[in-house]
Amino acid sequence: MWLPDPARMAPMLLGAMIGMAVTVLLQWLLQPVAHRLDLLDHPRGRKDHAHPTPITGGVAMMVAAIATTVALRVPLSGAFHGYLYGSLLLIVVGLLDDRHDLAWWVRIPAQMVAALLMVYVGDVRVEHIGPLFGLADTALGAWSVPLTVFATVGLINAINMIDGADGLAGMLVLTALLMLCAAALYSGNHLLALRLGTLSGVVAGFLAYNLRLPWRSRAHVFMGNAGSAFLGFTIAWAVFRLTQDPNHEVSPVLALWLLPIPVMDTLVLIVRRLKTRRSPFAADRSHIHHLMLDAGFGPTRAALLLSAFSAVVGFAAAEAMRLDVPESLLLAAYLLLCLGWYLVTARHARAIGFFRRLRGQPAAKANPASR
């Protein structure tokens with residue numbers, strides 16, 4: 001059984017603790033600013049939280065990530081500069097979106113520009129997708145930049161779409177970051193592991209204000225569209241850095257299994273919406289967290305259950321790769337998982353019944369639950 005070197009773990013843990021502490025402090029400091037500038041998520045429409053809530057979690061996480069990196073004197077490579085500039089752009093556009101509800105044709109181009117900054121400033125891109133169709137890696141050539149932009153925009157919107165229950169998006173991203181960090185350590189990419197450890201602490205600091213806990217009945221801060229865009233971009237950058245480094249090889253197929261819920265849920269809903277001739281960006285209550293809430297799960301229990309599932313399948317996929325299971329089989333298994341979820345959710349009542357059975361209750365009744 002592989003175990004990380006304790007000497008390599010020490011700076012990572014330090015970065016995580018500092019990142020968490022700085023994020024918690026910034027969220028506390030930004031709360032009065034949020035009220036003064038009306039950076040609040042007001043209860044209306046499909047939003048069923050009862051109180052106006054600050055949406056400054058994204059700003060706090062980005063500033064904390066940068067401040068912690070500087071404090072630890074981590075080398076600021078060109079790859080990190082591309083990530084930094086893209087993050088700043090997404091935070092600014094995300095805050096405008098939180099305030100003014102920007103149209104998708106404003107948000108998507110901004111996300112594409114952020115991806116291009118990652119590519120051309122940071123030189124971070126998808127150059128190969130592993131040996132999916134033969135014995136050698138499948139190089140992308142001229143398709144490298146388009147696929148990088150497509151994957152980045154897709155991950156940003158997947159995190160945005162899953163951010164519909166307190167603590168859920170943050171828990172899923174934290175789980176993914178921890179697994180990415182473990183993969184970086186395993187492959188010998190210690191600088192990336194340090195950055196991912198710091199980012200894990202930053203997200204944990206956000207969750208300290210966002211998770212519902214026994215002594216706190218509601219979230220005190222939301223990440224907002226700025227935060228979901230920042231976290232989606234962070235995952236994309238981390239995945240590309242991890243899987244496209246020839247000196248520390250990690251299969252790109254593994255990335256699908258490290259963030260399975262948001263990607264699967266988004267793919268299935270986009271297919272279903274296009275099939276019914278609706279916009280892929282149409283709002284509804286068909287996401288996995290909505291189904292779980294309607295089946296009686298509380299937000300925290302749903303977040304913990306989905307995060308545990310992500311961790312189990314992620315580490316199972318990593319172990320399968322270590323045992324030389326063909327990557328084409330792992331890709332096929334992921335597509336089967338998506339197909340299974342599509343069939344389960346083909347009927348709303350069937351999906352509610354599925355989650356009620358997970359709770360150990362009869363499937364006949366559905367109890368709508370508030371966010």
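Are R273 and D284 buried or exposed? Both R273 and D284 are buried, where buried means under 20% relative accessible area, exposed means over 50%, and partly exposed is in between (1.4 Å probe, protein chains only). Here are my notes on the rest.

1. Before you start. This is a predicted model, in which local features need pLDDT of at least 70 and side-chain atom pairs count only at pLDDT 80 or more, while totals for chains, interfaces and linings use all residues. Residues are numbered from 1 along each chain as its sequence is written, and side-chain values use heavy atoms, with hydrogens and water left out.

2. Salt bridges in general. Side chains of opposite charge can pair when their charged atoms come close. The term salt bridge is used for a side-chain nitrogen of Lys or Arg within 4 Å of a carboxyl oxygen of Asp or Glu. You'll find 7 of them in this structure.

3. The R273 and D284 pair. Let's go back to the opening pair: the side chains of R273 and D284 form a salt bridge, at 3.0 Å from N to O. R273 sits in helix α10 (residues 260-275) and D284 in the loop between α10 and α11 (288-294), so this bridge ties together parts that are 11 residues apart in sequence. As for those labels, helices (H or I, at least four residues) and strands (E, at least two) are DSSP runs, numbered from the N terminus.

4. Through shared partners, salt bridges join R273, R278 and D284 into one network. R278 counts as partly exposed because its relative accessibility is 35%, whereas D284, at 11%, counts as buried.

5. Now look at R212 and D166, whose side chains meet in a salt bridge at 2.7 Å, N to O. The two residues are 46 apart, with R212 in the loop between α7 (190-210) and α8, and D166 in the loop between α5 and α6 (168-187). Both of these residues are buried.

6. T148. This residue belongs to helix α5 (residues 144-162). T148 counts as buried because its relative accessible area is 0%. Beyond its neighbours within four places in sequence, T148 is in contact (heavy atoms within 4.5 Å) with M118, V119, V124, R125, V126 and F240.

7. A229. Find this one in helix α8 (residues 224-243). With 7% relative accessibility, A229 is buried too. Leaving out residues up to four places away in sequence, A229 touches L90 and I156. A229 and Q111 are 118 residues apart in sequence, yet 8.1 Å apart in space, C-alpha to C-alpha.
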